[in-house]
Amino acid sequence: MKKWLCRTGLTLVFLVILLPLLFLAADKIWPLPIKQVEMARTVVAADGTPLWRFADKDGIWRFPVKLDEVSPEFIEALLTYEDRHFYRHPGVNPFSLVRATGQFISSGRIVSGGSTISMQVARLIDPHDRTLLGKLKQLWRTAQLEYHYSKDEILEMYLNRAPYGGTIEGIGAASWVYLNKSPAKLTSSEAALFAVLPQAPSRLRPDRYPQRAQIARDKVLDRLVEYQVWSAEKVADIKQEQIWLAPRKNPHSAPLLARRVVKDTQEPVIETTIDASLQSQLEEMALNWKNQLPKQTSLGILVVDHTDMSVKAYIGSIDFQDDSRFGHVDMISAWRSPGSTLKPFLYALAMDDGLIHAESLLQDVPRRFNDYRPGNFDSGFNGPVSVSDALVRSLNLPVVQLLDVYGSKRFTAQLRNVGTELRFPMGSEPNLSLILGGTATRMDDLVAAYSAFARQGKVSPLRFKPTDTLRDRTLISPGAAWIIRRIMGGEARPVPDMNLSGQLNLAWKTGTSYGYRDAWAIGVNPRYTIGVWVGRPDATPVAGQFGFATAIPIMNQVNNMLLARIYQSHEPLPKDTKPASVSQAVICWPGGTALLQDDNNCRQRRLSWILDNTIPPTLMARDQESLLGLRQKIWVNDKGLQVAADCPNATEKEVHLWPITVESWLPASEKRENRLPKPDLACPPLKLEMPPLHISGIRDGEVLQRLPGKTSLDLRLVTQGGQGNKWWFLNGEQVNETEHNGSILLTLDKVGNYQISVLDLSGQVTALNFRVK
């Protein structure tokens with residue numbers, strides 16, 4: 001008896017002390033391989049909708065979920081059908097195990113598994129053969145699971161690893177792939193179906209074998225009634241629902257955004273600020289445009305909520321799957337010529353610098369800046385134009401004049417300070433051509449910069465993820481931002497009694513790069529900043545593709561879609577309150593400043609927005625300041641005739657003159673020869689002005705007729721007056737250069753209207769308009 005007690009005691013010691021020690025040692029030697037499981041990564045929208053998935057190295061996609069992110073009814077169905085005593089057993093249900101062992105002994109093979117959820121998780125994280133040795137291995141891994149993890153954690157592992165067919169694992173991935181919704185929103189019928197689906201995911205695929213799936217679902221429902229988890233009435237109603245699911249579909253939205261954000265993290269779920277429904281709508285819209293655009297043309301669309309700089313939609317290409325259109329190239333992050341889209345920034349910066357106001361007079365005339373001779377997109381010149389007109393019509397010559405005064409390097413540095421980088425060809429520095437697209441930038445940076453016009457002049461990098469923070473930097477003043485936004489929104493000039501605190505219309509700007517390679521439209525509405533780019537990613541020119549014709553229709557469609565969503569959701573919109581620094585004033589051309597009503601130097605009155613109560617005078621080009629001044633001091637006698645300063649009864653008088661370069665666009669009464677008093681021959685003034693520049697060979701407004709039987713017309717022209725070499729322009733395009741007063745021969749083979757203009761070395765310009773019939 002003593003020996004038996006001794007052996008029993010030793011056995012108990014072994015069980016109580018040695019077995020746990022052996023278990024701990026074995027656990028160290030053969031640890032659970034959970035950390036070796038590579039979780040797939042999923043990019044999700046702001047509401048949690050999966051946008052794109054990156055499978056693991058084996059091609060498996062898992063969308064991890066927490067226990068409280070799954071429908072409670074699914075948990076009820078799963079536990080009732082698979083493991084009713086999950087929260088009570090130690091990982092192994094001894095009754096089920098005894099039954100399965102007896103079946104194995106009697107038949108020589110595994111008839112039923114008797115596996116608990118813990119045992120199934122053990123098999124999922126460390127697969128084994130369906131043999132007795134494999135079963136022992138499963139029991140060992142189950143014991144480890146129960147030792148290291150709580151029941152809720154083990155159940156959560158099952159939820160994320162259960163097989164649902166093919167490359168889909170876990171209830172999260174299955175719910176989105178089969179139903180396109182979160183597992184938290186499963187219906188009772190769906191909960192019962194997805195509880196049984198992992199038993200035979202291929203044989204029970206509901207999109208392929210709905211009858212099999214329905215039989216399996218009803219089996220789960222019967223079990224729920226049997227154990228009184230759900231009522232018989234509820235189950236009877238559920239069984240009336242037929243199973244029909246569309247073919248499963250992996251997340252396939254915003255692929256280029258997903259590729260962009262996944263680089264920065266190894267998290268299994270990457271949250272973004274994307275609006276899933278808007279993204280889907282715009283992707284469908286892009287595909288609809290695909291057949292309307294030329295072959296091999298792509299498209300980029302970016303929508304940003306500028307109230308917090310969160311990215312709401314990101315269309316990096318017209319069709320990610322279309323290799324012929326370079327669908328894999330992200331045009332939102334690509335470096336492209338911005339065309340004319342940089343112009344609003346220069347006007348705003350120059351306004352802050354006190355160089356201009358909204359109605360300042362600029363010169364749209366032929367100019368040469370060393371070897372650089374810019375022209376207008378639509379050809380021809382317009383003479384004197386206001387800042388607002390020049391911006392709205394996107395004229396090139398006035399903005400180049402302005403950049404020449406402001407400074408190319410300074411302008412580039414201002415944009416760089418807020419994160420908008422401009423790239424130039426290797427070895428070159430910022431120059432005047434940048435304002436017309438002679439540089440490269442990215443759409444994301446450009447859209448971020450445009451938000452300044454809606455954010456009181458502040459710019460922040462775009463926020464792609466909720467964790468990204470606003471990092472505001474000031475680009476322009478709130479007043480300059482408000483004025484330029486008004487101009488781009490179609491309210492260039494003040495109107496009496498206008499509402500200055502309401503909501504602004506869409507303010508927009510287009511851009512077209514040299515050779516029709518890039519077509520741009522950037523818009524700012526009360527809540528969103530929209531960027532649209534159209535072109536070929538390989539930079540091949542596309543004839544006739546320019547911003548207003550190609551990009552504007554797309555931007556308007558996006559804007560209408562956004563406004564409809566805003567009105568339907570009753571979202572509050574930011575107010576467009578006029579800053580205290582902005583006021584209005586009546587200014588006079590050609591001087592550009594405010595003059596009294598009866599002042600004869602006020603040749604044209606204009607109502608203008610002004611900033612900080614400052615009215616800068618008309619801006620002269622740098623090479624015109626001394627030669628072609630606007631304010632001339634003269635002396636007149638008591639007869640009103642112009643005399644020399646030392647003549648008897650000479651009185652000093654200031655006369656405001658138009659820039660001599662715009663003389664050809666002025667009525668006769670405004671030209672210098674008629675604005676200045678006639679000289680008194682008895683005491684004439686000194687002759688300081690250069691000989692005026694004229695074109696001979698044709699009269700302004702003349703209509704020319706081709707000779708009978710001729711398809712072209714030869715026209716010989718010559719200049720008189722002016723200084724130095726002459727540069728000839730036909731409809732804005734340079735066609736010749738002559739020395740002194742040399743002549744040119746034009747051969748015109750098309751009927752229509754023509755404008756011929758000449759620029760001399762001193763900056764004088766003269767122009768004539770004629771028509772060929």
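Predicted model: local features only at pLDDT ≥ 70, side-chain atom pairs only at ≥ 80, totals over all residues.
Over the ring of which residue does the charged end of Lys151 sit?

**View 1. The charged end of Lys151 and the ring of Phe86.** Phe86 is the residue in question: the charged end of Lys151 sits over its ring, 4.7 Å from the ring centre.

**View 2. The charged end of Arg606 and the ring of Trp589.** In this view, the ring of Trp589 has the charged end of Arg606 over it, at 3.9 Å from the ring centre.

**View 3. The tilted pair of Tyr164 and Phe194.** In one of them, the ring centres of Tyr164 and Phe194 are 5.8 Å apart and the planes stand at 40 degrees, so the pair is classed as tilted. Tyr164 belongs to the loop between α6 (151–161) and β4 (168–169), whereas Phe194 belongs to helix α8 (residues 188–196); the pair therefore ties together parts that are 30 residues apart in sequence. Both Tyr164 and Phe194 are buried. Ring pairs also bring in Tyr178, giving a cluster of Tyr164, Tyr178 and Phe194.

**View 4. The stacked pair of Tyr754 and Phe770.** The centres of these two rings lie 5.5 Å apart. Their planes are at 10 degrees, and because planes under 30 degrees apart count as stacked, the pair is assigned to that class. Tyr754 is located in strand β28 (residues 752–760) and Phe770 in strand β29 (residues 765–772). The pair thus links distant parts of the chain, 16 residues apart. Tyr754 and Phe770 are both buried.

Key. Residues numbered from 1 in each chain as written. Heavy atoms only, no water. Phe/Tyr/Trp six-rings, centres within 6.5 Å; stacked < 30°, edge-to-face > 60°. Helix = DSSP H or I, 4+ residues; strand = E, 2+ residues; numbered from the N terminus. Buried < 20%, exposed > 50% of the residue type's maximum accessible area, 1.4 Å probe, protein only. Lys NZ or Arg CZ within 6 Å of the ring centre and 35° of its normal.
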